[in-house]
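Here is a friendly briefing to read alongside the sequence and the 3D view.

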Amino acid sequence: MTAADLYRRLVIPDRFRVMGYDLVPFTVGHALLFDRLGVEKIEGWADLMVACKLCSVSARKAERWACSPFRRWLTWTWIRWTKLHAVSNPAEVAKAIETFSAYLDVSTRAPKHEAANREGEPGKPCGSPPAQALRVTLMARLGYPPEKVDETPYLRAVWDYLTWMEQEGHVHIYQGLDDAVEVDFQKQADAFAERLKQEGFAWP
């Protein structure tokens, strides 16, 4: 997928409904909350239900729910009720996890890029969580108001951040390949790997 294709996602955002929840646009605030709660990958129905709850409301409301002193009790009770549905409908849950993963991909997938220092060589990775580094740069360098930054759609914020970083010479954004070309290259690579195996060469 080309960088231009990814950018078009800002113009026509997709809508998602998962397990009865209408998901709102994923924002910087949601990303920060996911980092704080250690939500990295949706692997089961419990992860899915919590993630859907967080992403069905604004980041501010989601934070209030997540930070509630009764959250653990509420989550435990709520998940027990939904577990019966999950156990009796495993195919539906698997499909829901796939749909939520697509929601995150559409909401957060940035163009391929490479960090660089002033000499144009690869730079050191940032030690701060990505969402936190993004938030601070948006406020400090791009003039985002603190009271509004968490409400900014994450993909819009990432594009603003990367565009500014590229203009400053800190990163290089790759144009990428059309989907058809990328698929063709992958087929060629798979065919080459198969030939190597047939000829007795080790291949991961």
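In helix α6, the buried residues are V93, A96, I97, F100, Y103, L104, V106 and S107. Buried here means under 20% relative accessible area, exposed means over 50%, and partly exposed lies in between, with a 1.4 Å probe and protein chains only. Please keep in mind that this is a predicted model, where local features need pLDDT of at least 70, side-chain atom pairs count only at pLDDT 80 or more, and totals for chains, interfaces and linings use all residues. Residues are numbered from 1 along each chain as its sequence is written, and side-chain values use heavy atoms, with hydrogens and water left out.

**Helix α6 and S107**

- Helix α6 covers residues 90-108, and S107 lies in it. Helices (H or I, at least four residues) and strands (E, at least two) are DSSP runs, numbered from the N terminus.
- The 19 residues of α6 should span 27 Å at 1.5 Å a residue, and the end C-alpha atoms are 27 Å apart, which agrees. The expected span is 1.5 Å times one less than the number of residues in the helix.
- S107 has a relative accessible area of 12%, so this serine counts as buried.
- Which residues does S107 contact, leaving aside its neighbours within four places in sequence? They are F26, Y154 and L155, where contact means heavy atoms within 4.5 Å.

**The fold as a whole**

- The protein has 10 helices and four strands. Read from the N terminus, the elements run α-β-β-α-α-α-α-α-β-α-α-α-β-α.
- Of its 204 residues, 33% count as buried.
- The accessible surface comes to about 13,600 Å², and carbon and sulfur atoms account for 55% of that. These areas come from the Shrake-Rupley method with a 1.4 Å probe; for residues, only the protein chains shown count as cover.
- Among contacts between residues at least 6 apart in sequence, 74% join residues at least 24 apart.

**The nonpolar core**

- In soluble globular proteins, nonpolar side chains tend to be buried together.
- The largest nonpolar core in this model holds 46 residues, and L23, F26, F34, L48, L54, F100 and Y103 touch the most other members. Such a core is a set of buried Ala, Val, Leu, Ile, Met, Phe, Trp, Tyr and Cys residues joined through side-chain atoms within 4.5 Å.
- Helix α9 (residues 154-167) gives the most to this core, contributing eight residues.
- Not counting residues up to four places away in sequence, L23 touches F16, V18, C52, C55, S56, F100 and Y103.

- A3 and Q175 are 172 residues apart along the chain, yet their C-alpha atoms are separated by 5.2 Å.
- Beyond residues up to four places away in sequence, A3 touches P111, W159, I173, Y174 and Q175.

**Cysteines**

- How many disulfides are there, if a disulfide is a pair of cysteine sulfur atoms within 2.5 Å? The count comes to zero.

**Salt bridges**

- The whole structure contains four salt bridges. A salt bridge is a side-chain nitrogen of Lys or Arg within 4 Å of a carboxyl oxygen of Asp or Glu.
- E63 pairs with R36, with the closest N and O atoms 2.7 Å apart. This pair links E63 in helix α4 (residues 59-66) to R36 in helix α2 (residues 28-37), 27 residues apart.
- E63 is partly exposed at 34% relative accessibility, whereas R36 is exposed at 53%.
- R60 forms a salt bridge with E151, the closest N and O atoms being 3.7 Å apart. R60 lies in helix α4 and E151 in the loop between α8 (146-149) and α9, so the pair ties together parts 91 residues apart in sequence.
- R60 is exposed at 53%, while E151 is partly exposed at 44%.
- D150 forms a salt bridge with R135, and their closest N and O atoms are 2.8 Å apart. D150 is in the loop between α8 and α9, and R135 is 15 residues away in helix α7 (residues 130-140).
- D150 counts as partly exposed, at 26% relative accessibility.

Technical notes
Disulfide = S-S within 2.5 Å.
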